[in-house]
Amino acid sequence: MGKKYSERVQQTIDLLKSAVAEEAKKATPKKQDTSLSKPKWNRMKYEVRGVDSIQEFNGFKFENLDVDGISINENVSTNLRIGKYFQNESDNYANVRKNILIEKEIKEPVFLTFELDKENPHLVDVLNIHMKENSSLKLFVMYKGLDEEYTYHNGYIKVNGEKNSNLDIIVIQTLNTNSENFFGMDIQVMEDATVNYYGVEFGGYANVTSVNSNLKGFRAKSLLQPIYLSDKNRKTDYEYTLNFDAKECVADIDSRGVTKDTAVKVFRGNLVFERFSSKSEGSESEFSILLDKTVNAHSIPTLFCDEDDVIGAHSASIGRIDQDKLLYLMSRGFSEKNAKKLVVESSFGPVFDAIDNEDIVNELKEILESRL
C-alpha cells in the first residue's frame with residue numbers, strides 16, 4: 001500500500017495537484033502503476049521492454065563478505081518502490097537473494113559485484129542489509145556491463161539501521177547503454193543511527209532509480225548523494241525522498257549530474273516532514289550541467305511539511321557550463337573536451353571522495369572521458 005499522510009499534508013498535496021494537474025500526472029506515473037502490465041513512463045516516453053523469463057545468474061562476486069560479524073541467508077523481503085510489476089518480479093523470480101546481517105564494526109569495506117553480459121543477461125536481485133545496534137560498515141554494490149549485449153536489471157535493496165549503527169552504502173551502476181536498469185531502495189534509520197547513500201548512475205539505456213530514506217528514530221541522520229550521466233538518446237528517471245518521522249533528525253539530498261546529446265532526464269527530490277518531527281533539518285538540491293541545447297531535462301523539487309518547528313530547503317540549479325570558466329581552463333592549455341571533463345569531475349568530487357578507492361574512481365573517470 002502507498003504511504004499514508006496526515007490529513008493536513010494530504011490537503012496540501014491535493015492543492016498542489018489541482019494547481020498543476022497535467023504536470024503532476026506526467027511527473028508521477030510510477031505511483032499510478034497498479035497493474036502487472038509492463039509500465040510506461042509518460043514524461044520520458046518509454047515502455048519497459050523486460051524479459052519473458054528470468055535466467056539463472058552466475059555473475060555475482062564478493063569480497064570481505066565472509067568475515068566474522070557478518071551473517072548471510074536468503075530470507076529476504078521487498079516493498080513497492082518503482083511499481084507492482086517490478087515488485088512481483090522480485091518477489092517471485094529473483095535469481096539473487098541475500099539477507100546480510102551486520103553484527104559489529106566491520107573495518108574492511110565489503111564489495112558485492114554483479115557482472116551482466118551475454119552469458120548472464122538477466123539480474124533480479126533482492127538485498128536486505130540489517131545493521132545491528134552499534135555496528136558499522138562501508139558497502140559497495142556494483143552493477144557492471146561487460147559487453148554491449150542487451151541486459152536487464154531489476155534490483156531492490158532494503159536497509160535497516162538500528163540504534164547507533166553507521167552504514168555508508170555506495171551503489172555504482174555502469175551497465176552498457178543498450179540495457180534496462182530499474183532500481184529501488186528503502187532505508188530505515190533509527191535512533192542516533194546514520195545511513196549515507198552514494199549513487200553512481202552512468203549506465204543503462206533506460207535507467208530508473210528510486211531511493212527512499214525514512215528517519216524513524218531520534219537524531220537519525222541520512223545523506224542521499226547521487227551523481228548521474230545522461231547522454232546519447234537515453235531515458236533516465238531519478239527520484240530521491242527523505243521522510244522525517246522523528247525529532248532532531250538531519251538529512252540531505254545532494255545530487256550532481258550531466259545531461260547531453262538528446263537524452264531525457266527527469267529528477268525528483270522530495271522532503272516530507274511528518275508531524276512530531278520537530279527540530280529536524282533537511283535540504284534537497286540538484287546541480288545539473290546541460291552540455292547541449294537538444295536535451296530534455298526536468299527537475300522537480302518538492303517539500304511537504306506537517307510540523308512547524310523544522311528547517312527545510314530545496315533548490316535546483318540547471319544550466320550550461322560557465323563559458324568564462326571554460327575559456328579560463330582552455331587558456332591554460334586544456335582542450336575544450338578536457339576542460340569540460342575537469343568541470344564535471346570537480347562537480348562529482350564529493351562522491352569520488354566517498355568512494356575512496358583509486359581503481360574504482362579511475363574507472364569511472366575513464367567512462368566520463370569516453371562519453372563527454
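The model is predicted, so to read it note the limits: local features need pLDDT of at least 70, side-chain atom pairs count only at pLDDT 80 or more, and totals for chains, interfaces and linings use all residues. Residues are numbered from 1 along each chain as its sequence is written, and side-chain values use heavy atoms, with hydrogens and water left out.

Start with the chain as a whole. It holds six helices and 20 strands. Both are DSSP runs, numbered from the N terminus: helices are H or I with at least four residues, strands are E with at least two. Of the 372 residues, 53% are buried. Buried means under 20% relative accessible area, exposed over 50%, and partly exposed in between, with a 1.4 Å probe and protein chains only. Contacts here are heavy atoms within 4.5 Å. Among contacts between residues at least 6 apart in sequence, 85% join residues at least 24 apart.

Now turn to strand 9, residues 152-161. Eight of its 10 residues are buried. Strand 7 (residues 122-131) pairs with strand 9 in the parallel sense, over 10 bridges. Two strands pair if DSSP finds at least two bridges between them.

A cavity is a set of points, on a 1 Å grid over the protein atoms alone, where a 1.4 Å probe fits but cannot get out; lining residues have an atom within 4 Å of a point. Grid points are joined across faces, edges and corners, and the volume is the space filled by probe spheres set on the points. The largest cavity holds about 90 Å³. Its lining has 14 residues, and R81, I82, F86, N154 and Y156 are the closest to its centre. Helix 3 (84-93), strand 9 and strand 11 each supply at least two lining residues.

Finish at S278. It lies in the loop between strand 17 (264-273) and strand 18 (281-290). Is S278 buried or exposed? S278 counts as buried because its relative accessibility is 14%. Leaving aside neighbours within four places in sequence, S278 is in contact with K247, E248, E307, D309 and V310.

Key. On a 1 Å grid over the protein atoms alone, a cavity is a set of points where a 1.4 Å probe fits but cannot get out, and a pocket is an open set with protein on both sides within 12 Å along at least five of seven lines; lining residues have an atom within 4 Å of a point.
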